[in-house]
Amino acid sequence: MTKEMTTNAPAKINIEKSKGNLTHFLHLLSSMFRIGFLGYGGGCALIPVIEQEVVKDEKLVTRKEYNKHTLVACITPGALPVEIAAGMGLSSYGISEMIFAALALAVPGSFLTVLITMLLSNVTDTVLTEIQCFSIGAAAFVSYLLILYAANCMKESKTAGRKNFINTLVIIFGVYLLGVGKIFGPYMPWHTTFFGLSTIQILGLAFFGIFFTECTFKNTRKILVSAVLILIYLFGAGKAQIISNPYILLFDKVLMWVLAIYGIIRSFKGDIEQSGKKINWKPELFAFLKEAAAWLLFIIVFSIPALIISKDAFAFIGKGIFSTLISFGGGDAYLSVADGLFVGNQGVTESEFYTLLVPVANVLPGSILSKILTGIAYYLGYNIGGSAIEGFLFSLSGFAVSVGASGLAFIAIYHLYNAVENISIIQMVGKWIRPIISGLLLTVTTSMIYQNIKTAGSIGLPVVAVLILTAVIIIMSFVLSRRLSNAKLIFISIGVALVVCNMLFLI
């Protein structure tokens, strides 16, 4: 009897552990699905939304794990929120869970995009106006979350000392100034500014500074060289175009690449020689191949209906994957990529893209890239067969490509990062990624407030009144955040916006 009990005990423990993992995973799925419905702003704007849900509220992953997924997603092309969801599913559970977590986050926004697009021909101008009022409240609430993320980052940096706090402030506001010019540049007295870089350009400059200087701020020579090279890049690549000589700009970029690679190699060599750290690339390569096969199978299975409907689906799938893999810098950057590949003679009219699809995608939750590519696929299918059903079936391929190609790009960088994460210079990137992201999020905040101003003008509301409304919702969210969950706060924000906007229409 004792022997039997001893034999059966491990099995019982494993069963209990399996049940615990299943419950934990279902919590993750429900969280991702909830964010898919409530996560407005797309791209970087969803970083604090997901963190609040999975790190602070549900405690499904640690802050360290989440920062790792965020770092990898930020330097990877594709749909950033989908990539973070896939990373959490993969690291905690496995391949199938990686796919389900990404699906849970991407489905709501993509499905709603297709649904509203299908019904759009019967929607009146009044309904569209109400949707825009709805978006004012959602944008204000997301702005609160982004400001909160940056404020928490600054607060946490104080615990590491005054010097760390000052460095954090410099990074946050430096990144903000580099990005905010794309919003305010056209309104400057000189009508141009070099403060207007894309997200990927800002990240590139930040990583160059980290890799070359190794964050040893006492080395004056390295600091001076990096500052000069970054200034040359700003004067040439920024909006001002003060330096227009292509050879100078090319030399500057090449030199930054060389110095960054030199810094990486130097750090790797020093760590391997001094502490015996190793790069474990074999297990990461094998894991990547298995996960890549799963993502490719996912794309193929979901694309079968489109392939049956039209042979043109092959070309669309190829261009969809390509568009995802070259999409750096968030949803706004993807719009220009999609325009070049799909709009006009490529199958989707400019009216369908800019008058219908883009406005709908901008006011709905979830990843911009997933919503846009799914919507493009719907129009392609609809234009081929003239049927909404064929459009919906075709849209499945766009959805699969947006999720699958993003997941594929993510795991490639994820496993590369895993192989080298013990190296000092890579750990330094992990240390400073939150201040860098905070600066990017403050830029997104400014962009959202500016979008509210544009929305007010387009629907005939007083701009000053909408600005005050936006500020009130942000302040209200801070005041009520200790008493109410984010889900309740966003509904309150949207409700307040709808009521106030409709009152303004009556005045």
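I looked up Arg434 and found a side-chain polar contact with the side chain of Glu51 at 3.3 Å (a pair of N or O atoms within 3.5 Å, where within protein one must be able to donate a hydrogen and the other to accept it, and residues adjacent in sequence count only if both atoms are side-chain atoms). The model is predicted, so I note that local features need pLDDT of at least 70 and side-chain atom pairs pLDDT 80 or more, while totals for chains, interfaces and linings use all residues. Residues are numbered from 1 along each chain as its sequence is written, and side-chain values use heavy atoms, without hydrogens and water.

Arg434 sits in helix H17 (helices are DSSP runs of H or I, at least four residues, numbered from the N terminus). I have Arg434 as buried, at 8% relative accessibility (buried is under 20% relative accessible area, with a 1.4 Å probe and protein chains only). Beyond four places in sequence, Arg434 is in contact with Glu51, Arg63, Asn67, Tyr149, Cys153 and Glu156 (heavy atoms within 4.5 Å).

Next I checked Ile99, in helix H5, residues 95–119. Ile99 is buried too, with a relative accessible area of 13%. Not counting residues up to four places away in sequence, Ile99 touches Ala294, Trp295 and Phe298. I also noted Ala85, 14 residues from Ile99 in sequence, with the two C-alpha atoms 8.8 Å apart.

Terms used. Helices (H or I, at least four residues) and strands (E, at least two) are DSSP runs, numbered from the N terminus. Buried means under 20% relative accessible area, exposed over 50%, partly exposed in between (1.4 Å probe, protein chains only).
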